[in-house]
Amino acid sequence: MLQRPLKDGREFVNLIPNSRCRVTRLTKGDTDTTVSHMTDWVNTHYKQTVKLSPKLKRATLTGTVQAIYDFLYHHIQYKADGREQQLRSPACAWKQRYEGVDCKSYSIFASCILKNLGIPHYIRQVRQPYFHPDQFTHVYVIIPKKGKTNTRGNYYVIDATKHENTEVDFLEAKDLFMQGLPHIGLNGASNHGLGMPGLVDQGFEDFLMFLNDNGISMPVTGTIRQKVKSYTSRGIDPSFAITEAGVVVQGELIPFQSTFQGGLNAVATTGAIVAGTKAILKSDWFKSSIGSIFKNGFDVSCWGSSYSPSKAKAHVEVDMPFIVEHSGLSRGVNTASLNKFLDFSAAYLAESTNGTNGRFAGCTRKGHGLRKAAVEALIGQILADVRLSYNLKSAGRKEGNFQVPSGLPGYAKGRSYQWGRRHGTAPYYYQSYTVSPKVVNPPVIVPPKPVVKPVVKPVVKPVVVKPTPVTPTPTPVQPTTQPIDVKPKVQTAGTNWIIGGLLVGGLLFGKKIKNAIAKK
């Protein structure tokens with residue numbers, strides 16, 4: 001038996017959305033068709049594990065694979081499907097975890113987690129030697145250790161149907177590669193662009209999920225996805241419209257009607273989609289291009305609203321720098337410029353907060369909420385930057401009244417921007433400061449102690465100069481009649497001896513003389 005005792009999983013309850021596990025009809029077909037439906041199921045429902053996935057990420061790929069297996073094995077019971085093949089979304093599998101799910105639902109759950117973590121992998125179906133060897137009877141996930149390698153020994157396995165996370169013996173395997181988060185080609189370059197590609201991508205996938213949840217079959221939404229991709233991958237932003245008959249992509253109708261077969265997760269009726277989109281069908285909001293339709297994500301409240309997150313994003317990109325420039329902070333930080341900035345930004349904050357009031361449409365509230373978050377972040381960043389070089393002393397909480405007669409470059413462009421009691425609105429307040437530069441004490445420089453190297457004096461051996469005796473040569477005295485004037489001769493040899501003696505004395509006593517001088 002492959003059943004196992006389960007952990008309560010209370011730490012994961014708030015990370016996985018609730019599901020009604022309603023039935024979705026899938027087209028009939030062979031095993032390849034089933035795996036194709038599985039990939040559609042993953043691409044449709046991977047966001048159900050967006051909060052759970054980071055909790056299972058580990059420092060290494062090996063650790064992450066083991067964590068995913070442990071989660072599935074210890075928290076979701078195994079039960080083989082009967083005659084009717086059932087595909088469960090992760091939320092549905094979690095809801096029915098005590099009843100049990102089969103290998104397909106385990107694989108969908110694992111693939112959704114891996115997709116959210118950006119880990120490439122394969123969904124593998126195999127023929128087993130001892131169980132209907134002529135048919136593909138088992139499916140699980142393999143994860144390449146590097147690149148897309150799927151040869152034996154070069155991948156990890158996640159098969160939560162087994163008590164040990166090892167690969168089954170098989171006669172033949174078919175692998176379907178699954179990339180990280182789907183981008184469906186909506187990032188392709190285009191002359192007129194796709195607005196906000198990430199949000200467009202997310203909104204388009206949410207729209208397809210909306211169709212599935214309201215009865216449109218997976219093959220139909222898969223066809224819509226592939227048709228859109230065929231254009232966006234070439235940089236074309238295709239025209240897009242929704243009608244009661246189906247979706248029109250670049251003039252081609254993809255009808256809602258389809259052939260059905262059993263599975264799990266929604267209701268098989270086109271009436272629900274028509275009922276759910278009456279507001280859309282009564283207007284032209286859904287008759288434009290992919291980029292323009294989904295630039296706000298898939299948010300019905302944004303269709304036709306007076307304000308939206310996409311407009312707000314464009315506005316804050318120019319309004320935030322303008323607030324800094326208008327206050328004078330960019331020209332110099334002082335008490336006047338900082339308090340002008342705080343007054344202006346507090347007015348913008350109060351006004352955008354007012355836009356999130358419940359009397360406005362949902363999309364309008366989201367747009368103003370984005371402006372509110374942007375200016376809050378700006379205030380925090382400016383104060384943090386100023387405090388690096390300046391002392392801020394509180395000057396009290398003050399009521400603000402701000403006006404820019406020429407208006408803002410973004411929001412409410414072209415008309416006077418004003419807020420405060422003096423201008424007829426609700427009052428607002430801001431914290432004021434006095435600003436003074438920080439006094440940085442110069443560092444105390446301690447002169448290094450001189451390194452006195454010992455003077456090594458050469459040892460001079462005294463040279464003894466022996467005087468050479470001079471034998472005077474007698475001068476014969478000639479008899480003369482003149483008086484004799486006898487002058488003494490200078491003895492040079494004797495002088496040299498004296499000089500030599502002084503020299504020797506200096507060498508012998510030089511050290512003592514220096515020592516004596518040093519003592520004085």
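In this predicted model, A412 counts as buried because its relative accessibility is 12%, which falls under the 20% cut-off. The residue is placed in the loop between β10 (402-404) and β11 (417-419). Although A412 is not a glycine, its phi is positive, at about 55 degrees.

A positive phi also occurs at Q250, where the angle is near 50 degrees in a residue other than glycine. Q250 belongs to the loop that runs between β6 (246-249) and β7 (252-255). Its relative accessibility of 35% lies between the limits of 20% and 50%, so Q250 counts as partly exposed.

The discussion now turns to the cysteines. The count of disulfides comes to 1. This bond joins C21 and C92, whose sulfur atoms are 2.2 Å apart, a separation within the 2.5 Å cut-off. C21 lies in the segment before α1 (31-45), whereas C92 lies in helix α3 (residues 90-95), so the pair ties together parts that are 71 residues apart in sequence. In general terms, such a link is a covalent bond between the sulfur atoms of two cysteines. The torsion about the S-S bond of C21 and C92 is about 125 degrees, and the disulfide is therefore right-handed. Both partners, C21 and C92, are buried.

C103 counts as buried because its relative accessibility is 10%. C112 is buried as well, with a relative accessible area of 0%.

Technical notes
Residues numbered from 1 in each chain as written. Predicted model: local features only at pLDDT ≥ 70, side-chain atom pairs only at ≥ 80, totals over all residues. Heavy atoms only, no water. Helix = DSSP H or I, 4+ residues; strand = E, 2+ residues; numbered from the N terminus. Buried < 20%, exposed > 50% of the residue type's maximum accessible area, 1.4 Å probe, protein only.
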